[in-house]
Amino acid sequence: MSRLNGLIPAALARPFTAIGGVLFLIAAMLPWATFILNDGAYPEKSTLQFFDAPFELTGFRWHLLLFGLLALIVTFAPIPGKNRVLGALGWGGGLIGAVGAAFIAGKGGGIGAITAADGTIAMGSIVAIVAGALLKIGSAATGPGDIPEWPTSLFGWTGMKQRLEAWVYLLVAFAGVLWLVAQTLTAGGIGGAAFPYAGPVFIAFLGFAGGLLGALHGIGLTRWVSQLSEKHRPFSIVVLLLCAFALPFPFTGAGSQYWMQVAATIGVYAATAIGLNIVVGLSGLLDLGYVAFMGIGAFVAANLSGVAASALGWNLPFPLAALIAAVVAGILGAIVGSPTLRVRGDYLAIVTLAFGEIFSRAAQNDIGDLTGGASAMPGIPPVSMFGTAFNEPINLLGAELPSGVLYYFMIVLVVALVMAVFANLKNSRMGRAWIAIREDEDAARAMGIRTGKAKILAFLVGATLAGLAGAIFVHKLGTASYDSFKFLESVTLLAAVILGGMGTIPGAVLGASLLFVLPEKLREFSDYRLFVFGLALVLIMRFRPQGLVPDRIRRAEFAGETAEGKSIEAVEEQAVLEQEQSEREPGAPAGPKEGRS
Amino acid sequence: MTTSRLEVPGYVRIVAGVVVVGLFLWLVGALGKLIDGGFKLLLQQTANGIVLGGTIGLIALGYTMVYGIIQLINFAHGEVFMVGAFGGLAVYRWVLPESVRGDWYISLPAMLLGGVIVAVVIAVLMERFAYRPLRNAPRLAPLITALGVSVALQEAIRLWFPDAASPQPFPTVFIEARVALGPISLSASQLLLIVVSIVLAVLLQTYISRSRMGRAMRATSQDHDTARLMGINPDRVIVLTFVMGAALAGVAGVLYGSNLNSVGNDIGFQNGIFAFTAAVLGGIGSLRGAVIGAFIIGLIKTLSGQYMPGGTQYDYVWIFVVLILVLVFRPQGLFGEAERVRA
Amino acid sequence: MRNQTVKAAAVVAAGLLLLSACGTNKDESAPAGGGSNESCDTSKGKLVLGVIAPLSGELSALGKGIQNSADLAVKEANEKCTIKGYELVIQAEDDQKNPQLGAQAATKLASTPNVIGVVSTLNSSVSQSVQPILDQAGILQISPANTADSLTKGEDAANPTRKYKTYFRTCTVDSLQGPFAANYMIKKAGKKKIAIITDGLTYGEGLADAFTTQAEKNGAEIVTRQKIGEKDTDFSGVIAAVQPFAPDGIYYGGQYPQAGPLSKQFASAGLSVPVMGGDGIYDDQFIALGGKDGDLATSVGAPTEELDSAKAFVAAYDKGGYTEAFSAYGAFSYDAANAIIGAVKATVEGKDWADSMRPDVVKAAGEYKGEGATGPVAFDKNGDSTNTVLTVYQVTGGKWKSVETGKFEG
C-alpha cells in the first residue's frame, strides 16, 4: 500500500481523517438495508431509520461507532504512531462496510437494497466504505511512520515492583486476548437455518477485530506486550495456559459442545501445522505430502486402541498408543526423508507429493489390513483417563462443562508441548542449522553443517509431531478413514503455515485457526470454498507472501522490511545519505562508516 | 540443481539397492506368469501403455518447456489440459450445428481448435497475472501460486460449466473402427492419439532447433539477462512457451476425451502428475526426454497394473517408485544435461 | 503521482455515477416475510430438518440431489401444513466426504435447537463418525444412501447387534441387492462366466462380495475380480486383463460415472457383453456416458413407471426448479425426509415442540409407515428398510426399462 503514500498533500491529511471519522459515526446510525430481506431482517436492526434510537446500537454498527470516535480522537490528539492507527481503523471499518454492502445487495437483489428504493434511503454501508477509504488515504499522506517504543515500566519502577507491574499488564493483556478469541469464535453464533446471517456477521467482526488489533499494533502496544512477555516468559506461559483452559467456562460464551469441538479441531491442526513449520518454515523443505504422517500416526493409534476392525487386536492405554504412533510416524518420516536428500526445491515437492499419494492409495486399499480400506475403522473407543471417558461432560469448579471439553484440555496441553519443542529447537544449534540450510544450502555446508543429517532430523521431528496429532485426532473423531488424509489436506496445512507466516509459532496457530474456522463459519458458501481457497493462495503469494505474522528473516526476504517495520530500502538510503554527509564534513573519520543498521 | 554425491548416507544406498534387487526378482516372477498368461496380453498391454504415453507426452512437453525456461513447475498445466478438453466439449455442444456433428472431419478439427484456443487463453492469463509478478520472488511463492491456480481452475469448471460436477460424456469424433495390428487391437482414436502426439513432438523439436524463435527460446532458458542483451525480449519468449505448451495440452485434452468418451474436472490432476514425472524421468528441459519418458511411464502403468502385486490399485505407486529412484541415482534424468548450476 | 490521482478520481466519479444510476434498481425482492404459505399457521416457530451430504467436491452431484429432494419434501410439507403451528426449514451441511467435517456438521446440528431429524449421509465412512454424535443427542438419523450392512447390524454378520438406535435407512443393503442381481444374471440371463469389477469403495466392494457368494451358490464361475481406481477413465488396462478370460457377463460394483465409459470401452474392445450393476449405475447419465443396450441394473422398489408416488415425485422435482438432477439417491432422500416429518407429526400432534421430545420422534420413526417414491416406507427392528422389493432394469432402445420385480428371500 505504499502506492497511497503521499497521494494527497500533508495538509489535507487531518481533514480527510476527521471527515472519515465523522462519516463512520453517521454510517453507524444510518439504516443499512432498505427493506427486510427475504430470509429475515438483517441483524442489528439494519432498517432502522436515520438516527432512530442512537443508544441502542449493537453489533457491527456499534463497532463502527467506536471506530468513528477513536478516529476522531486520534486525529486531533497528539498520539504517536497515529498514521498507522488511522490506517488500521480505516481498513477495519471499510471491511465492515464492504461486507454489509455486498451481502445485503446480494441477498436483496440489487444495489437498490443498499441505496434507495421505495422511498426509503439506506446508505449506511456505502458511507462506511467511503469513510474507510478516506481514513486510509488520509493516514497515508505522510507515510506510515515508525512504531513507537514503550518503556518497560510505565512508572519508572525497577526490581520487584517492576516485575509485579509487568505481571499485572500481562494478565490484563492476556485476558483481553481470551475475550477476543472467545468473541471471534462465537461471532455470528452457530448459524444455520435459525440465523442465516452468521457468515457476514462473522466477517464484519473480523473487520472489527483486525482494525482494533492493527490500531493497537500501530500504537506499539502489541510490540510492548510481546517484549514484556519475552522478559517474563514463565509467567506468560502460565497465564496463557490458564486462559486457554478458561475458554470452555460459561462466562466466555464459548462453552458449548460445538465450540469445544471447533476449538479442539483447530488445536489438532495447529499442532500439525507447527510440525510442518519445522519442515517448511525452518528448514525450507517443501513437503506436499505431510498429511501422510498424520495419517500414519492415526492408523497406528487406531490399531492399538482395541477397535473391532483392527487386525492386531491389541488394546493399549491411550498415552502409550499415542507415543508409539508418534515414534512410528517419526521413523517413517526419516525414511521418507532419506531419498530426498539429493533433491532440491521443486523436485522435493514432487517427491513428497508422490509419497503422500502412495500413502493415500495404500490406505485406501487396506494395505496389510491396517487401515480398513474403504470401510475405515469405526468405533475407536474414546480416551479414558482418571476414570472419565473424554467425551462426557464434566463438572469443574462448580461449572457444567460440555462434553468434549477434556479432549480440548488435552489438546491445549499437547499444543503447548509442541510449541515448547519448536521454540527450543528454533533457538538451538540444530534450529540455526536448519535456518542456514533454508537460506543457502551450499553456504551452510561450506560452514561445516552436516546438511544430510539435519534434513533427516527435520523430517523426523516434523513427522513425530504430526503422528502425535494424528493419534489424538483419530481418538477424538472415533473413526480412522483414509478420507481424512488426502492431498487437499496437505495443501491446506501448507497454506496454513504460509498464510500464518513461516517460521513463527503464532503464525502457524493463526493460519491453522483461520483455515479451519472460516469454512465452518461460512458454511453457506461451502460450494465456493475450494475455489476461494485456490484464489486466496494466489492472492496471498502476490500481495503478502510473508504471511500474517512473519519472522524477521522472512519479512526482510519477502516484504523488504526490517523488524521495526521500516522499509529496507529506506534504511539503506538513509545510511548512504549519512555516509555522504559525514564524508563532506572536514573532520570525517577515515574510511567508510558502518552503513548497516 | 546440483547433485551432492557426498551427502547420501551409506544406508540409503543399501536400502535403494535392496529395493532394486527386489523389483528385479518380482519381474522375474512376473515373467513366469507372463509366459503362461500369454504373450498376446503382454503385447496388448504394451500397446495400451503407448497410447497412454501419447497423451502424457503432449502434456509433458508443456511441463518441460516451461520448467526449462523459468524454472517453475507449473502445477496448473494439468488443469490446462482439462480445460482444453472441456473447451472442445463446449464447441461440440454449443457451436457446432446438429447437422455436422456426425461428420468427424468437420467436428474434430473444430473441437481441436476450440480446445486449443481455450487452453491457450487460460495459460496466457495464468502467466500474466499469476506468474509474471512473481518472477523474482523466492522459489516457494510461484509454486504455491501454481497450486492455487490448479485448485481454482478445477473448481471453476465444476462450478460454472453446466453439469460438470460429474463426468460429462464426450463424443468420439473420429472413425469408429478397430484396427488389428497382429495380435494387438486398438481403436482408431487410440491410433490417432499416438500418431498425433509423435508428429507434434517432432514438429516441436524441429521448430525449437531450427527456427529463430526456437533459438531465442533456448537462449532465454540458459540466461535471461544475456538473452536480453542479445536483443531477445524474454517476456515475449516466455509467453510463447506457455502458448505452445498449452496448445499441445489442448490437443491432448480433446483427443483424450474422444478416446475415453468422458471428461471430468479431475482428469487434470492425475495426468498432470504423470506428465511431470515423465518430464523429470526424461530429463527436464529435454523435449526428446519428455516424450520418451512419457512412453516409459505409460508402459510402467499398464504393465505394472497387469503383472505387479496389487494390480491396478497400485499401478501409479510403481511410477512414483521409479521417479524416486531416478531422482536419487540420476537426477538429471535420461537425457538431461548433467549439472547446470542454478542459484 | 498526479496521473494516479487523476485516474483514481475518475474511477471514483464513474463509480458514484453508476451507483446513482442504479439507485432505484431494486428488483425481485419478494414481499416482506418471505414467500411461504400465508394460509398455514406458523405461529409457534420453525423446526429444522438437517441434511449432511457432500455438497461440494467430487460427489456434489449425488449430494446436491439428496439436499434438493429433502428440500422438496420440506416445501411440500409446508404447503400442506403438515405440522400445525410450525414452519419447516431445511439446514444442509457439507461434509465433503470427510469424516471430520461430517462430525463437525453433526455436532453443529446437535447443538442447534429445534432440530427434528437429519437426513445423512451419503458415504459410510462419514456416517460412522456422525452416528455416535447424533445418537448421543438422541436425534433421529435416516440415511438415503448408506448400503454397508455393518452400519445397522454391526461387524459380526452372524449376530446382528444394533448399536445406534437413532439410525435408520431407506435404501437397500448390499446383502439384498447383490444376491438379487446374481439370481437374475445367472438364472434368468443365463450367464455362466462372470467377471467382477469394482471401484474399491465400500459400496462397490460390499455389493460385489454379496454378489459373489450368491453367484457361486448358483453354480456360476467368477472368472476374475478386478479393481479400478476411484477416478479412472481409462480402462484399457482392466479390459486387457479381463479379455483372456472371455466372460459372458460383467458385474460392476460402483457408480455410473465410471460404469458408463467402462461399458463402452469394453464394447469397442470387442467384449460386448452385458454389464450389470446396482442402484449406483441406475441413472440416465449411465446411458449418456456409454451404457449400451443389454446392460442391467438393480434398484430398490417397484418400477418407477408403475408407482404413482414415484411419478409424482419426479414431476414435482422437475417443477421445483432445481439446477441439479435428483440422481441416484434423490428418491430415497425424499422418502427419508418424509419419514422424519411423519414421525415428528405423530409426536408433536397438538403439543408444543421441545427438544426433549427427540427420543419420542425416534420411537415414532420406528413405527412409521408411508408411501414413498421408492415404494412403501417402513423400518425393521435394526433400522433397515422393510422395502425389500427390488427391480431389475435393462437398457433397451437407449432407455431403462424394468424387466423383473421381486423380493430376495434370504
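**View 1. Phe81(B) and its surroundings in chain B.** With 31 C-beta neighbours inside 10 Å, Phe81(B) counts as buried; the label takes 20 or more other C-beta atoms within 10 Å of a residue's own, with 12 or fewer making it exposed, anything in between partly exposed, and C-beta atoms placed from the backbone. This is a predicted model, so to speak of local features pLDDT has to be at least 70, side-chain atom pairs count only at pLDDT 80 or more, and totals for chains, interfaces and linings use all residues. Residues are numbered from 1 along each chain as its sequence is written, while chains are lettered from A and ligands numbered from 1 in the order in which they are written. Phe81(B) sits in helix α3 (residues 77-95) of chain B; helices (H or I, at least four residues) and strands (E, at least two) are DSSP runs, numbered from the N terminus. Setting aside neighbours within four places in sequence, Phe81(B) is in contact with Ile59(B), Ala249(B), Ala252(B), Gly253(B), Gly268(B), Asn271(B) and Gly272(B). Contact here is a matter of C-beta atoms, placed from the backbone, lying within 7 Å. Lys301(B) is 220 residues from Phe81(B) in sequence and 20 Å from it in space, C-alpha to C-alpha.

**View 2. Gly255(A), a buried loop residue.** The loop between α8 (233-246) and α9 of chain A holds Gly255(A). Gly255(A) counts as buried because it has 20 C-beta neighbours inside 10 Å. Pro402(A) is 147 residues away from Gly255(A) in sequence, but their C-alpha atoms are 6.7 Å apart. Apart from neighbours within four places in sequence, the contacts of Gly255(A) are Pro248(A), Phe249(A), Pro250(A), Leu401(A) and Pro402(A). As for chain A as a whole, 55% of its 597 residues count as buried, and its secondary structure comes to 21 helices and six strands.

**View 3. The nonpolar cores.** A nonpolar core, for this view, is a set of buried Ala, Val, Leu, Ile, Met, Phe, Trp, Tyr and Cys residues joined through C-beta atoms within 7 Å. The largest one has 371 residues, and Ala119(B) and Ile340(C) have the most contacts inside it. Helix α9 (residues 257-282) of chain A brings the largest share of this core, 18 residues. Not counting residues up to four places away in sequence, Ile340(C) touches Leu49(C), Ile116(C), Gly117(C), Val119(C), Leu140(C) and Ile142(C). There is also a second, separate core of 54 residues, with Ala13(A), Val85(A), Ile96(A) and Ala198(A) among them.

**View 4. A seven-stranded open sheet in chain C.** Reading across, the order is β7-β6-β8-β9-β10-β13-β14 (chain C), with mixed pairing; two strands pair if DSSP finds at least two bridges between them. At the edges, β7 (221-227) and β14 (399-407) of chain C each pair on one side only. On average, neighbouring strands of this sheet are turned by 25 degrees against each other, direction ignored. Eight bridges link β13 (residues 389-396) of chain C with β14(C) in the antiparallel sense, and Thr391(C) stands opposite Thr405(C) in β14(C). Packed on the sheet is helix α6 (residues 174-188) of chain C, which touches β6 (193-198), β8 (249-253), β9 (275-277), β10 (296-300), β13 and β14 of chain C. The direction of α6 makes about 50 degrees with that of β13(C); axes are lines fitted to C-alpha atoms, for helices over the stretch in contact, and angles run from 0 to 180 degrees between N-to-C directions.

**View 5. Strand β1 of chain C and its partner.** Seven of the nine residues of β1 (residues 45-53) of chain C are buried, leaving the strand mostly covered. β1(C) and strand β2 (residues 86-94) of chain C run parallel, joined by nine bridges. Within this pair, Val51(C) has Ala92(C) of β2(C) as its bridge partner.

**View 6. Two domains of chain C.** The bounds come from an automatic or database domain assignment, which gives chain C domain 1 (45-171 + 329-379) and domain 2 (175-302 + 391-407). Their centres, taken over C-alpha atoms, are separated by 30 Å. Eight residues from domain 1 of chain C and seven residues from domain 2 of chain C take part in the contact.

Terms used
Two residues are in contact if their C-beta atoms, placed from the backbone, lie within 7 Å.
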